[in-house]
Amino acid sequence: METNLNKVLNQGVRHQLNGLLCKYTNVMKGWQYRWFTVDPLSGILSYYLSDSTSAGDDVAPPAHVLNGSPRGQVHLAGAVVCPSDEDSRTFSIGCASGDTIKLRAADARARQEWVDGLRAVVESHTKAMDISNSTPLPPRELLAASDAMASARQALYLTEQCNASLARAIENIECETFSPTDPDLLLMKAISTASTQCLHQCLSLLQRHQEIHTPHSETTSVN
């Protein structure tokens, strides 16, 4: 049976895993353009500094991408790729290391292409992890763990929605007592966002743990 990774490569989607994306750096610098490349065979996501100021500038990689060293790299095995509910362009990658990368594509279609491609690479390399020394769970416990993971994903999705709603409410607040720049409201918004990102990291670790303890026969592709 053709794996999702082979579908990505055979359908010519590989070029869609190279291009310009906005990366959230920190509170001070906010969103910055970076050139991203994904090697489906190694499962490595790399990103480089970019002078571009528009997502439409990603026709070809900058010269320093071809000749220089990446600004950062992460392995996608065990990662969780989640579209954001705050808009139609943002998505995040919760790495197995615990780090979270927040990205923004040019439009909704570009986001979906990145999410689909990244998830295919994640699936392939997560299954390829060495599980020879792991002890498979009994079928009943395996089913319970699967149900628990599904519940956790649903809870995280609802948490993302609440976080996005809170952020919009603070940004659009019209009140004589408070303003969108009120320190207490900004602190509340920051804590909510940080908590959501922490939950992403926890889910990523749980998913990796589940994959390691799942027998090969149970890790079939879900298309």
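**Close-up views of a predicted model**

**View 1. The second largest pocket holds about 720 Å³ of space.** A pocket is an open set of points on a 1 Å grid over the protein atoms alone, where a 1.4 Å probe fits, with protein on both sides within 12 Å along at least five of seven lines. Points are joined across faces, edges and corners; the volume is the space filled by probe spheres set on them. This is a predicted model: local features need pLDDT of at least 70, side-chain atom pairs count only at pLDDT 80 or more, and totals for chains, interfaces and linings use all residues. Residues are numbered from 1 along each chain as its sequence is written, and side-chain values use heavy atoms, without hydrogens and water.

**View 2. The lining of the second largest pocket has 26 residues.** Lining residues have an atom within 4 Å of a point. E86, K102, N163, K189 and T193 lie nearest the centre. β1 (18–26), β2 (30–39), β7 (100–104), α4 (139–171) and α5 (183–212) each give at least two lining residues. The largest share, 7 residues, is from α5. Helices (DSSP H or I, at least four residues) and strands (E, at least two) are numbered from the N terminus.

**View 3. β1 runs antiparallel to β2, joined by 8 bridges.** Strands pair if DSSP finds at least two bridges between them. L21 has R34 of β2 as its bridge partner. A hairpin of 3 residues connects β1 to β2.

**View 4. β1 also pairs with β7, antiparallel, over 2 bridges.** Here C22 has R104 of β7 as its bridge partner.
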